[in-house]
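I opened this model to take a few notes on it. My entries follow in the order I made them.

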Amino acid sequence: MIMTGRRSERAELDRLLDDVRTGMSGVLVLRGDAGIGKTALLDHAVASASPMRVTRLDGVESEQELGFAALHRIVLPFLDLRLELPAPQLAALETAFGMAAGSAPDRFLVGLAVLTLMAGAARRQPLLVVCDDAQWVDQESLDVLAFVGRRLHADGMGMLFALRDEHASGAVLAGLPELRIHGLPESDARALLTEHLDPTTAPALQERIIAESAGNPLALRELARSARTLQAGAIATPLPVSRSLEARFLQRFRQLTALSRSTVLMVAADATGDRDLVRRALDRQIPSASGEIDAAFEEAERADVLAVHTGPAGSPFRHPLIRSAVYTGASRAERRAAHAALAAVTDPLTDPDRRAWHLASAAEGPDEGVAAELQVRAERAKDNGGYLARAAFLHRAAELTGDAVSRSTRLLEACAATLMAGSPHRGEELLALLGPGPGLPVLRAHADRLRGLVHVMVGKEGAVALLHQAALALSDRDPHGCRDALLEAVDAAIVVPRLGPGASITRVARTALAVRGSRSGPLGDSQDPADLLLDGHARLVALGHAEAAHVLKAALTAMRAPGAEHGGAVRWSLLGMLAAIETWDIDALSECGRRYADSARAHGALRMLQIAAHANATAEVFRGDLATAQLHFAEFKDVADATGADPRFSHPTDAMLHGWRGDEAATLAAVRAQRDLYPEQPGGIAVQLVRAATVVLGLGQGRYPDAEAAARPVLDDPPPHGAGLVLPGLVEAAARTHDTGLAERALDELAERAEAAGTPWALGLLARSRALLATGAAAEDFFRDALAHLGPTPLGTEKAHTRLLYGEWLRRRRRPTEARAHLRAAHEAFARMGAAAFAERARLELRATGERPRRHGTGAPGHLTPQETRIARMAADGATNQEIATHLFLSASTVEYHLGKVFRKLGITSRRHLRTALPG
């Protein structure tokens, strides 16, 4: 078919196809109104895709509640290659598709399996994946396909999506390259109309069609087809094009014979495209001769209601709007009868999910038998990792449940499933169905808990108060649920920017301690990381570090126990990482970050990997390996992007790295980003990280008043977490501005925390800070104590900072020779790690001793990107392309492409030379 117009859109698609033919990849999302021409553009791409292999999927509205159903259809041609997948990916894919039993797989591990599978197919032949009507694809499938689209780079694979503007499901594809399809320009619209309109049509009527269609190609064709029924008089305010078209399609449908109407409705109620199934259902509902059913199909095809049948692929309707018009235009009784017939002929062994949906759609009112069957299907969906499918089954089961308590229970379980799937807005809709009081007090408590989690996920105020309220209600009825609600409240108070009126982490902490004290058997004897983390953080907030440190240390011991990263501790990993920072335990922070990151990669748990990657980056900042820290921060952002996270929140989180590098522009950009997102004063750990970065930046540049101003709020308005990152800097800044009272206040606060922690890191910082306020021999003793504590540790930045301060102190006491040794060591360390501002501060001090040190570079990792550096380092350590791909959630083809760029940039030709050629 020759397409009228759309030259720029076709050119965009042709460029993508050309890239795929050269071994690169491309993704494009076509957005526009119904009938605007998205499908025609996809048809153009498919027709132009030679010599590519094409796999195509048309979303079906009635199938969108069946988890991974669409993905199975689009992956089916490649499943014979699945045995080439790494074992964890194979298990995840087969479990998701119900081909094997196993624990529910992480959706992103399923995504990695699909990426690996399709990239492997694309190595054999370039591949084009086409997904039309993506707004009707089930959420699990769309999440996976969006993940694959975000990870493509050099795979010889293209992906095209088309979806309607008005559908919220398109948010999953946000951030992917997009092409918005508008109405045809008037000249093209007239040319298309001329092709389909009787040339004798009155000019006034032609103008009405042009105006009413608004450049929509489908509307132009349909209005031209029915031109004889239109009046050429004044034009009333037109209906939205899609509604107008649906009305025309419904009118055409109603002109069919009775058997043809039943046939078309049965096709609309079915989602499989299997005409044999539809024939059997029709025969059950309206016993008919085979020839009569054939004639009914042919009549619908002649009327352009059904597409001419050429096989199972593609939509059975000439346009998706026809399906919607037919189904919604039928009476409820007619729809129930069609679904009852389809349920009767659907195999309960091979397609039990679809049969259950048909049974539910056929139910006239409450039906506990069907509801119980839906509950069974919901449990199976959970086993496959289809949490949104589970929610849909449970929601429909609730609608068919007569008992109020059972109904509320099923709605709450459905809401919990949506949160597991990362769809809080859907969870909010389900909670709204509960009404003012969902029955039993324990149900109301669980509703509050779920509502609080929804608030955390969508950024609403009130999460902490709701979770706290739920915990109080559960304390006597559900001890485990109470504990988890309190942990969630603590977690929320740490991460949300605003707690809202009436909420306080101190109140949560006191409740946690009261609940602990009211139970028989000391909680302190528990080795469960969750119990220890709750007790430790509650003590930290309510009682202070002296009462909390030993419990936080016990929690870290439990989190480092063999296999802990594969158990329940994973859920509370953020609280564990913060416990390591609060107790200044670099070994625990490093080990937990590494082990929990490895576990997250193995299970495809990308949200957990974000927390671990940030912990690894933070540990490397303190170790002084800023280049490696940059790689971990890059991984954090990369994973956030892969999961569709808002980059406004995720990208400024590397402020500490910029502060240590002395990069004023990047550090202040993080401050501005936070201020732009939250014009009023926000809270949460993100504030303390940005504050610590600002303090470090000021100290490195010798702008002590700026550093003092940034740090002072941790004394005036003490935060529950993160102040330890700032207090040593506040002592230093206040000492340099001669604000002795402020410095002593900060030192007293630091001393309480550091002495309770008792780690070499904590004691080293405390001794260094005391040295800044001491005089004479006492100051020197403190500096030497600080170096003795920090010396055996891997804390590169802290050791260099301490030597700098000691050297400055020695120089001011006219001991240049001794000062020179410490200043030289500090200068070399800072220059080597890329801490430019501190290196310059050390260089100037060194010059003042009479030495003439040369300026060093920043220590940045050459001209490789962070992604290239990560790949190159793993390759240098002997990892294969597939191992690297699995580790970084990429395809092996993309790894090979990046390695080629690394070789060219480093001027080498083989992996053997990587170790010596890599910078640093």
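This is a predicted model: local features need pLDDT of at least 70, side-chain atom pairs count only at pLDDT 80 or more; totals for chains, interfaces and linings use all residues.

**Entry: a helix pair**

I looked up helix H8, residues 203-213, and helix H9, residues 217-225. Their axes come within 9 Å. They cross at roughly 145°. I noted the handedness too: H8 passes H9 in a right-handed crossing. Which residues make the contact? From H8 I listed Ile209, Ile210, Glu212 and Ser213. From H9 I listed Ala219, Leu220, Leu223 and Ala224. I then sorted the residues of this contact by kind, and found six nonpolar, one polar and one charged.

**Entry: the whole protein**

The protein has 47 helices and five strands. Is it compact or extended for its length? I checked the radius of gyration, which is 32 Å. The globule rule gives 29 Å for 920 residues, and the value is close to that, so the protein is as compact as a globular protein of that length. Along the principal axes, the C-alpha atoms fill a box of roughly 105 × 70 × 60 Å.

I looked at burial next. Of the 920 residues, 56% are buried. The accessible surface comes to about 37100 Å². Carbon and sulfur atoms account for 52% of that surface. I also checked how far along the chain contacts reach. Among contacts between residues at least 6 apart in sequence, 68% join residues at least 24 apart.

Then I went through some exceptions.

Ser50 and Pro51 are joined by a cis peptide bond. I read its omega as about 5°. Pro51 sits in the loop between helix H2 (38-47) and strand S2 (53-58).

Arg6 is not a glycine, yet its phi is positive, at about 65°. I found Arg6 in the segment before helix H1 (7-21). Is Arg6 buried or exposed? Its relative accessible area is 7%, under the 20% cut-off, so Arg6 is buried.

Phe889 has a positive phi as well, near 60°. I placed Phe889 in the loop between helix H45 (881-888) and helix H46 (892-906). Its relative accessibility is 3%, so Phe889 counts as buried.

**Entry: Arg449**

I picked Arg449, which lies in helix H21, residues 441-458. Its relative accessible area is 13%, so it is buried. What does Arg449 contact, leaving aside its neighbours within four places in sequence? I wrote down Leu467, Ala470, Gly481, Asp484, Ala485, Glu488 and Arg571.

**Entry: Lys799**

I ended with Lys799, in helix H41, residues 796-812. At 24% relative accessibility, Lys799 counts as partly exposed, because that class lies between 20% and 50%. Leaving aside its neighbours within four places in sequence, Lys799 is in contact with Leu787, Leu790, Gly791 and Thr793. I also looked up its separation from Leu668, which is 131 residues apart from Lys799 along the chain. The C-alpha atoms of the two are separated by 26 Å.

Definitions and conventions: Residues are numbered from 1 along each chain as its sequence is written. Side-chain values use heavy atoms; hydrogens and water are left out. Axes are lines fitted to C-alpha atoms, for helices over the stretch in contact, and angles run from 0 to 180 degrees between N-to-C directions. Helices (H or I, at least four residues) and strands (E, at least two) are DSSP runs, numbered from the N terminus. A crossing is left-handed if the near helix is turned anticlockwise from the far one by less than a right angle, and right-handed if clockwise. Contact means heavy atoms within 4.5 Å. Ala, Val, Leu, Ile, Met, Phe, Trp, Tyr, Cys and Pro count as nonpolar, Asp, Glu, Lys and Arg as charged, and the others, Gly among them, as polar. The radius of gyration is taken over C-alpha atoms; the globule rule is 2.2 Å times the number of residues to the power 0.38. Buried means under 20% relative accessible area, exposed over 50%, partly exposed in between (1.4 Å probe, protein chains only). Accessible areas come from the Shrake-Rupley method with a 1.4 Å probe; for residues, only the protein chains shown count as cover.
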